[in-house]
Amino acid sequence: MPTATEGSAPKAAAKPKAAAKKPAAGDAKPAAEKKPADKKPADKKPADKKPADKKPADKKPADKKQGADDKPADKRQQTRAAAKTEEVADETPAVPVYLPKLPVSLAVLNTLEWASCAKVLGNLLNFTPSLGAAIAQLRPFRSAQHLVDVLNQALDALPAPYIESFLKRFNELALIPKDKLTKEHKCCVGLDALTEDKKSELTPLYTQYRESFGFPFVVCAREAKAAELASKLKSHLHNDKAVELENGRKEVKKIARLRLLEVVAA
């Protein structure tokens, strides 16, 4: 019996050892808990990185500054544009060009201011100021024929596209309404007496001509006859564009010469 008691005593002593181990395990837990506590300083490192995070924050103000700089730049451009507009608006209006009573003598034409002379001569081809300006630079004119020669030389020197632009300023003579016929138009023999049947015959010919060459069929009204317009149109439709541009140049020279003799008295 005692032996059994002694044997049980050691067993009881063994239990405390196991209990002693528990605290050891318990000691391990605090050690494990301390590790996270040791990591906290490592967590502070990201806190040290906050200054690095502040760099983008520093960039934001820089971006804002750029945006702020852009806006003033746009405002400066708008301000400059507005200033230019104001400058143009504040400019003294151009003095109206003096246009003498027509017709003018050759002596007066030679002594006019350049702008006034250009305006007088610019009305020769349905308000083409560039032509008048070019001719005005060639003064003085010795005679009316000299002025006509200068006009013809100026028209001959123009390239085909310019002549084409002049031709486009004219209307088909036979298709102009009677209430819009000028004194010059009425010089075409029989034009004011042209019947509607005759106009309906000419209309498709005029249309075909314009579609073929890109400009209207132009003739000098003062040297034309209404009865001959249809035959002329048919004959011109067989030409190519280069030939018709030169034919148009000849008609323009006739028109400009006759108008010139009206505005300038010899």
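Which residues in α7 meet which residues in α8? In this predicted model, Glu201, Leu202, Leu205, Tyr206, Tyr209 and Phe213 in α7 meet Leu229, Ala230, Leu233, Lys234 and His236 in α8, where contact means heavy atoms within 4.5 Å. By class, this contact has eight nonpolar, one polar and two charged residues; Ala, Val, Leu, Ile, Met, Phe, Trp, Tyr, Cys and Pro count as nonpolar, Asp, Glu, Lys and Arg as charged, and the others, Gly among them, as polar.

**Helix packing**
- The axes of α7 (residues 196–213) and α8 (residues 229–236) come within 10 Å and cross at roughly 30 degrees, the axes being lines fitted to C-alpha atoms over the stretch in contact, with angles from 0 to 180 degrees between N-to-C directions.
- The two helices α7 and α8 are therefore roughly parallel to each other (angles under 35 degrees).

**Overall fold**
- The protein has nine helices and two strands, which are DSSP runs numbered from the N terminus (helices H or I, at least four residues; strands E, at least two).
- Along the sequence the pattern is α-β-α-α-α-α-α-α-α-α-β.

**Cis peptide bonds**
- The bond from Leu102 to Pro103 is cis, with omega near 0 degrees, and Pro103 lies in the loop between α1 (2–90) and β1 (104–105).
- The bond from Arg139 to Pro140 is also cis, with omega near 5 degrees; Pro140 lies in the loop between α4 (129–136) and α5 (144–157).

**Basis of the values**
- Residues are numbered from 1 along each chain as its sequence is written, and side-chain values use heavy atoms, with hydrogens and water left out.
- Local features need pLDDT of at least 70 and side-chain atom pairs count only at pLDDT 80 or more, whereas totals for chains, interfaces and linings use all residues.

Definitions and conventions
Parallel < 35°, antiparallel > 145°, perpendicular 65-115°, else oblique.
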